[in-house]
Amino acid sequence: MHSATGRPGVFGALAALALAGSAAYPAHAQMPRPSAKPAEEPIISDREFEDAVPSIPADNDPVLGQKLEPIDEFERKLAVPANASASTGQDAELAAPLPPLETFQAEPAVFAQDAAVPEGAEVSYRVELAGLEEVVAASGTDLLSEFQRLSLLRRKGTALNTTQLSSRAGEDVLVLKKLLAASGWFDALVTTRIDRVGDDGSMVVALAVAPGRRFAFSSIAIDAAPTLPPDLIRTNLELAVGQPVIAEKVLAAEAKVGLSLRQNGYPFAEVGVRDVLLDQETGEAAYTLPVTIGQRGTYGAIRSEGNEAFSAAHVQTLARFKPGELYDSRMVDDLRQALIATGLFRAIAVEPQPTAEAGPNGTERVDLVVKQEAGPPRVIAATAGYGTGEGFRVEGSWTHRNLFRPEGALIVSGVAGTREQGAGVTFRRANAGERDRTFEMAGELRHATTDAYSAYTGRLAARVSYDSTPIWQKRLTYAYGAQLIGTDESVFDPVQRARTRRTYAIAGLTGQIGWDGTDSLLDPTRGFRLTALVEPEGSVRGSFTPYTRLRLDGSAYYQVGANVILAGRVRVASIQGAELDDIAPSRRLYAGGGGSVRGFAYQQLGPRDSNNDPTGARSLNEAAFEVRYRFGDYGVAGFVDVGQAYARALPDFSDLRVGIGLGARIYTNFGPMRLDVATPLQRRPGESKINVYVSIGQAF
C-alpha cells in the first residue's frame, strides 16, 4: 500500500511538482546560465533615499559620531588572537610542530552510561512493553506474541554496550510500527527509553506504544470491465466500508478475486496494484482495485510439447472437462495433479494459451499447452521384513513404467525368504481407456512352506481396479477380475492321519469395494476405512467344488492431542459352500502373525491336526487396538490384539486369544518403518514367549 499524509489532493500536487522539478535536469547535468538582463531605472534614487533617512545627533552617542576606521585595519585586528605569539602574530598552539605519527595514541571514548560496566563485560537487560493492550483488544489478534517472535531485544538478553542496546531498540521500534501498520494503525508512535536499574550495570529497555487512530475503509472501488455474472469481482472482494485496513485481509481478498475469475471463465485475469489513499486528519482510507479481466474463455484443444511421455490424446483421457466447456482453473489444476500422479515426469506444466478463435456464447477458445519433461522410466525397488513363524522375506522388482505407451508398465518381480520363494511378470496399464482405471495381467510361480502346508503354485490373473496411490488418495475404490490357479500342496489326510500331496485346479472371480475416509494412505491419524471382498471360486480335484470367500475389514483412527493417535481395526471372514477338506490349504483362512494377531506366530491360531500342525479354517474374527505416540521422526506404540480362527463356516467369537506388545516407529518420506515386539497372554505349550515383526507401514 502507499499512503498520502495530510490532504491527499495537496500531497499529490506537491509530489507531482517535486517529481517534475527533479526530472528536469539530471544530477550530473549543468544548469544553463541565465542570460543578461537590460538595465532598469531604479524605483528611488540614492539621494532621495539618504534624504528620507533621519539623522542621528552626535551628542546623543559619542561613538556614533566617530569616523569609521578603514576596513583593512578592522580585519587585521580581528585576525590576531589574544594569545598570539609576539614575534609571529600566530597562535602558539597552532604554531607548535605536530608529534610523530608513531607516538600518537587514540583512546576510545567512554560514555557516561557505560562507565559502571567492567571492561569486557556484557550489559544485561530486560524489556518492558506498554500500550499494546488497546491494540490487542481492538484487533482480536495476538500482536504481542508476534512481536516477541520477531523482536531482536527478546532474542538476545545481553549487549556489549548501550550503543548496541540502542540499536536493537531502534530495530524493535521498526518491527512494532510494521506490525501496527499491518493492522491499520499507520500513525502509531513508538518511543524508547533505556534506564540503569542496578549497580551491576543492568538495564531496562522500555518501549511505549501510542497506536493513535486506526484507519478504516471509507470507500471501495473496482476499476474493471463488466464480468459474467456482473457481481463476480465485488462478491469475492471481501472488504467492506467501515472495516479497518488490515493487510492480511486485503491480500486474501485480492487473491480470492484473482482465483474466482480464473475459476469462472477468465483464464488471463490479472489483479493490478491497489491504490489506497490515507487521510491522516479523518483516518479514512479510499481503496481502489484495478483488475484486467481479459477475454472470457472456453476449453479448446490440448497440445503437447517437450520430451513427451505420452501424446496429447492420452492427456485428454486424464482431463475431467470437454472442449467447449467454460474454463475453470480448478479443472486445470486437477489435470496437472493427474499428470504428476503418473510418476512419469521430471517436470510438468499445464498453461492456457489464447487462440483468438471464437468459442460458444461469445467466448474465446483457449488451448491448453502441456509442457512435458519425461523422467527416467525404469525403477528398481526392494522391501524386506521379518516375522516370527514367517522368517525373513525380501522382495525385489524391476519396472519399466512406460514400455507400452501410454502408461503401459512391465514389472518383473521376485521373492526370496525363509519360507517363500517365487518370481512373477506383470503387465499394468494405468488410466486404461479412462482416468484412474487400471488394467493388470499377471503370471507367477511360487513355492511356500509353512507349518500348515507346502505348495508349488502357478497363477494367471487379470484385474481391473480403481485404487488409491500415495499421491492420489481416493475415497471410493473398487476392483474386479478373474484368476486361474494350479497348485500342488501337502495336506493332512484325516483318514490316513498323515500328510499327503494333492493337486488342485482353481478358477475364480474376485470383487472388492472400499471406502477410505482417512487423512493419509500410509499413516492415517483420523477417519475410518471399510473394505469388503467377495471371491467366488471353484476347485477341481476329481469333481468340481464351488465355494465363496468373504471378508470384511474396518479400521478407525482418532487423534488425541498433537502427538497421540488411537487406532483400532476389526476383521471378519468366512468361506461358504464347501467343507474344509475340499478347499486347497493355501485358500483356507489363517490367524496369527504381524498382519493378523500379534503375539502369535504366523498361522498359529485356529484348528490343528493330530500332529498339532495348523490345518487352516473356514472362518475367523480379529480385532486390534493401538495407542501411537510420535515425537519428531520417531514414535512408539502400545497395542492389544485379539482373534481366533474356526473350522465352522461362521465365526462364533469363542476361545479368543490375546496378544499384547510394544512397537517402535521411524517415520520416512515413504511411510513409517515398524518394529513390533509382542507376547501372548495365557501362553499355551508350543507358543513362543516373544514374537517380533519388522515391516514398512503401520500395522493397519
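**Charged pairs, then cores**

Arg435 is buried, since its relative accessibility is 10%. This is a predicted model. The side chain of Arg435 meets that of Asp334 in a salt bridge, at 2.5 Å from N to O. The two sit 101 residues apart: Asp334 in helix H13, Arg435 in the loop between strands E15 and E16. Asp334 also counts as buried, at 13% relative accessibility.

A second salt bridge joins Glu440 and Arg428, at 2.9 Å. Glu440 lies in strand E16 and Arg428 in strand E15, so this pair ties together parts twelve residues apart in sequence. Arg428 is partly exposed, at 34% relative accessible area.

Glu537 and Arg587 form another salt bridge, at 2.2 Å. Glu537 is in strand E20, and Arg587 is in the loop between E22 and E23, 50 residues away. Both are buried. Elsewhere, shared partners join salt bridges into one network that includes Arg598, Glu626, Arg628 and Asp641. The structure holds 47 salt bridges.

Now the nonpolar side chains. The largest nonpolar core has 23 residues, and Tyr125, Leu153 and Leu207 are among those with the most contacts inside it. Helix H9 gives the most, with seven residues. Leu153 touches Tyr125, Val127, Leu165 and Leu207, among others. A second, separate core has 21 residues, including Val245 and Leu278.

A patch of about 750 Å² includes Tyr629, Phe631 and Tyr634. Strands E23 and E24 each give two or more residues to the patch. Tyr629, in strand E23, is partly exposed, at 36% relative accessible area.

Conventions
Residues are numbered from 1 along each chain as its sequence is written. This is a predicted model: local features need pLDDT of at least 70, side-chain atom pairs count only at pLDDT 80 or more; totals for chains, interfaces and linings use all residues. Side-chain values use heavy atoms; hydrogens and water are left out. A nonpolar core is a set of buried Ala, Val, Leu, Ile, Met, Phe, Trp, Tyr and Cys residues joined through side-chain atoms within 4.5 Å. Buried means under 20% relative accessible area, exposed over 50%, partly exposed in between (1.4 Å probe, protein chains only). Helices (H or I, at least four residues) and strands (E, at least two) are DSSP runs, numbered from the N terminus. Contact means heavy atoms within 4.5 Å. Patches are made of residues with over 30% relative accessible area and no salt bridge: like charges are joined within 9 Å, nonpolar side chains (Val, Leu, Ile, Met, Phe, Trp, Tyr) within 5 Å. Accessible areas come from the Shrake-Rupley method with a 1.4 Å probe; for residues, only the protein chains shown count as cover. A salt bridge is a side-chain nitrogen of Lys or Arg within 4 Å of a carboxyl oxygen of Asp or Glu. Lists of a residue's contacts leave out its neighbours within four places in sequence.
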